[in-house]
Amino acid sequence: MIVSIITPTFNRAYIIRNLYKSLITQSSKDFEWIVIDDGSTDETENIVNKWKQDDFLDITYIKQPNGGKHKAINRAVKCAKSDYVFIVDSDDFLVENAVERIDY
């Protein structure tokens, strides 16, 4: 695994799908995706858990009480399996070769 992609999120069920779609189409699957949910009250947890069941990606989902983005990122970094961390917000998406390009 070359990189741990960390996504802090708070009530972003309506948009995180765009990021997920961009991750499943990556030309390199040599990454894990850590979704750190900072106290969402929407459907984020249900959506991510369904994706975990689909088993297209190595997804770790962590839910914590709302404490702010900085605390969410710090917690996720401690869970990362890779020495390299790539923070991608829940309203972002990646071009299809983004992970592959990190591997250079």
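1. Glutamine 26 touches Phe31, Leu94, Val95, Glu96, Asn97, Ala98 and Val99, leaving out residues up to four places away in sequence; contact here means heavy atoms within 4.5 Å. The residue sits in the loop between helix 1 (16-24) and strand 2 (31-38). Helices (H or I, at least four residues) and strands (E, at least two) are DSSP runs, numbered from the N terminus.

2. Is glutamine 26 buried or exposed? Glutamine 26 is buried, because its relative accessible area is 4%; buried means under 20%, exposed over 50%, and partly exposed in between (1.4 Å probe, protein chains only). Its side chain reaches the backbone nitrogen of alanine 98 at 3.2 Å.

3. A word on the source: this is a predicted model, in which local features need pLDDT of at least 70 and side-chain atom pairs count only at pLDDT 80 or more, while totals for chains, interfaces and linings use all residues. Residues are numbered from 1 along each chain as its sequence is written, and side-chain values use heavy atoms, with hydrogens and water left out.

4. Serine 4 belongs to strand 1 (residues 3-9) and counts as buried, since its relative accessibility is 0%. Its side chain makes a polar contact with the side chain of glutamate 32 at 2.4 Å. A polar contact is a pair of N or O atoms within 3.5 Å; within protein, one must be able to donate a hydrogen and the other to accept it, and residues adjacent in sequence count only if both atoms are side-chain atoms. Beyond its neighbours within four places in sequence, serine 4 is in contact with Glu32, Ile34, Ala80, Lys81, Ser82, Tyr84, Val85 and Phe86.

5. Which isoleucine is found in strand 4 (residues 85-87)? That is isoleucine 87, which counts as partly exposed because its relative accessibility is 41%.

6. Now the chain as a whole. It has four helices and four strands, running β-α-β-α-β-α-β-α from the N terminus on. Among contacts between residues at least 6 apart in sequence, 81% join residues at least 24 apart.

7. On overall dimensions, the C-alpha atoms fill a box of roughly 35 × 25 × 20 Å along the principal axes. Buried residues make up 43% of the 104 residues. The accessible surface comes to about 5900 Å², of which 49% belongs to carbon and sulfur atoms; accessible areas come from the Shrake-Rupley method with a 1.4 Å probe, and for residues only the protein chains shown count as cover.
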